[in-house]
Protein chains: 2
Amino acid sequence: MDFLNHNPNMLTIAQVERETGLSKDVLRVWERRYGFPAPIRSESGERVYDLEQIERLHVIKRLIDRGFRPGKLFSLTAEELQALAQTQATAKEGQDLPLPFRLIMDEVLSDDNRGLRQALSQLLAKQGLQQFVLDTVPQLNEQVGNLWAAGKLGVHQEHLYSEELSRLLRTAIGNLPTMGRRPRVLLTTLPGEEHGLGLLMVEGVLAPEGVHCLSLGVQTPMEDIVRAVVGHVVDVLVLSFSAAFPPRQGVAALRLLRNRLPGRVEVWAGGSMTRATRAHPISGVHWTPELSDCLVRLADWRDRHPVSG
Amino acid sequence: MDFLNHNPNMLTIAQVERETGLSKDVLRVWERRYGFPAPIRSESGERVYDLEQIERLHVIKRLIDRGFRPGKLFSLTAEELQALAQTQATAKEGQDLPLPFRLIMDEVLSDDNRGLRQALSQLLAKQGLQQFVLDTVPQLNEQVGNLWAAGKLGVHQEHLYSEELSRLLRTAIGNLPTMGRRPRVLLTTLPGEEHGLGLLMVEGVLAPEGVHCLSLGVQTPMEDIVRAVVGHVVDVLVLSFSAAFPPRQGVAALRLLRNRLPGRVEVWAGGSMTRATRAHPISGVHWTPELSDCLVRLADWRDRHPVSG
DNA sequence: TTTCATGTTTTGTCCTGGACAAATAATAGA
DNA sequence: TCTATTATTTGTCCAGGACAAAACATGAAA
């Protein structure tokens, strides 16, 4: 194996795709239409990008995620772009929040994982798991989202936040006494959805109700979801979709999956995406855009399935 | 929004890519070369795949993952393919394993998450966290890998195993007393590496040594790794690479990253991939293919940085 | 026999540039 | 002010050629 080839400060298009999250198709069509990025070519004609371009791509990507359109952005100079990013940064400050929230955000912003862990776990202890997940966590998430949108938060800080929160929730759920009452619930996400926090939150709401939860983590192929549902004799399948999941594809995938599951099994679809799709009913799929909807559905399920014997 | 269009049993090429993990390019070039898959076309000429083809693609993908070459597989009929999958299934049985391992594998195979959780946590309690991670977990992983290669294990069972193991490790790590001695270690994976178990294992080895660990979860873009390393004043950066990570790209990415980090910061690269790359030294990067290598490096680091005052 | 170097085949990735579907913005009508 | 059309922008898909990388086969040297 020869790993010695090219200049270590240059990236191939595949590396840029992984690094920035922009597909090869997009990178090429931007180059064609807007003249940027403008990679040099290897001797065999393949695109080779330097670090400056990657950095600029990152800036552009972030601005697009905040709602700007590519057309506008590509006509700007580097300075204007930078200025725009700065302007945005001051837009949505953390407003009048209750003190505990401000504190937690401060820990996130100051990169203090110990402090963050401490603060989160204190809040959890005060409120109890279910309350914490139903009320506090969504507010925290929103706040993190705001700070992110305002450009105050680096990706690593967002990662740190969700890592510590996951850790805390898992621990709390793990320490719950095992009840294993019906319904048996299977939790996972479809391929393409790699955000697993939603699953943990649902589990944090249901487990205290004594529900038998079974999580497969993220990105389980449909075929395997079907197998698991049958194999585990599951009553309810919970799927979570973040806001980043394209609603069209979500609905298409749910239809497809619904078709292949036994009718007996309920499907609950939750997460931010479902706020956009709730107006489009799918027969046999329940939208649970809010966490509390899961509790409503749970009560309903138990009403219809009284414990016999 | 109109979600009502196409037949819910047909998939677009993008859906097939997500579902099977085969890139669009591969799907198209297979069709061109081997005549399979053979999707019908929408009225606008786009590929539309039916469920049968997806299923066959899944089978083929699995066989390729087990070392078969596409060329061979595409000349087989459906029956031969099925037969091959079956044959493989009996190849690598679980051999003479110590009893506790057999037990755990049985729990995995019987889809019993409660039992699995129980068995794992019992083993952990007996051995202690560090020992458990150093000895037992790698053996379990290997065994799961064997069963997978033998076709005995569904994806959902593999997911279940790693989910329960992660849960257990997180809980155990979370219950450790906080020491926060040097070095300060940052753990994450590069974009493209979505397997996070390795990070947990490293943490499970280092945390009992009193190391100040800080995990960012998976797939942190390089730019943000650099920021986090600087922002958190980290001494050591730990990166994990699963066997699925292409060695070439791993080495290229490490070179790139190393160039952008302060020289003071050590980089430890571990995980199965590094067994293939260890022969290719990168200055400033330490290969730690075995977990115990992390302990060696830790001792070395502490030797060179005696606590002053 | 095993190990390593070399050539050959297979396989996956990249390319161009056109077409069009989907998402978004702009405009007209209620 | 709100809602339905129409226009523009933007991302995805396509074909089919080229070639880089990986896997395999062959032969020479240890």
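In this predicted model, the side chain of K24(A) places an N or O atom 2.4 Å from a phosphate oxygen of DNA strand C. That meets the cut-off for a polar contact: a pair of N or O atoms within 3.5 Å, where pairs within protein also need one atom able to donate a hydrogen and the other to accept it, and residues adjacent in sequence count only if both atoms are side-chain atoms.

| Residue | Distance from a phosphate oxygen of DNA strand C |
|---|---|
| K24(A) | 2.4 Å |
| R41(A) | 3.0 Å |
| Y34(B) | 3.0 Å |

Elements giving two or more residues to the surface near DNA strand C are α1 (13-20) and α2 (24-34) of chain A, plus α2 (24-34) and α4 (70-74) of chain B. Helices here are DSSP runs (H or I, at least four residues), numbered from the N terminus. The largest share, six residues, comes from α2(B).

Sugar and phosphate make up 74% of the DNA strand C atoms that come within 4 Å of the protein. By class, the surface has 12 charged, seven nonpolar and four polar residues. Charged means Asp, Glu, Lys and Arg; nonpolar means Ala, Val, Leu, Ile, Met, Phe, Trp, Tyr, Cys and Pro; the others, Gly among them, are polar.

The two protein chains also meet each other. Contact (heavy atoms within 4.5 Å) takes in 69 residues from chain A and 69 residues from chain B. The chains bury about 6,200 Å² between them, 51% of it on carbon and sulfur atoms. Buried area is the accessible area (1.4 Å probe) lost on putting two parts together, summed over both.

Four salt bridges cross this interface, each a side-chain nitrogen of Lys or Arg within 4 Å of a carboxyl oxygen of Asp or Glu. E203(A) pairs with R167(B) in a salt bridge, with the closest N and O atoms 3.1 Å apart. The side of chain A that touches chain B has 27 nonpolar, 25 polar and 17 charged residues.

The copies meet through the same surface, because 100% of the interface residues of chain A are also interface residues in chain B. A rotation of 180° with 0.0 Å of shift along its axis superposes chain A on chain B (RMSD 0.0 Å). This is the relation of a two-fold axis. In chain A, the C-alpha of T171(A) is nearest the axis, at 2.5 Å. The superposition is by least squares on C-alpha atoms of residues with pLDDT of at least 70 in both copies.

Residues are numbered from 1 along each chain as its sequence is written, while chains are lettered from A and ligands numbered from 1 in the order in which they are written. Local features need pLDDT of at least 70, side-chain atom pairs count only at pLDDT 80 or more, totals for chains, interfaces and linings use all residues, and side-chain values use heavy atoms, leaving out hydrogens and water.

Note on methods
A residue is near a molecule or strand if one of its heavy atoms lies within 4 Å of it.
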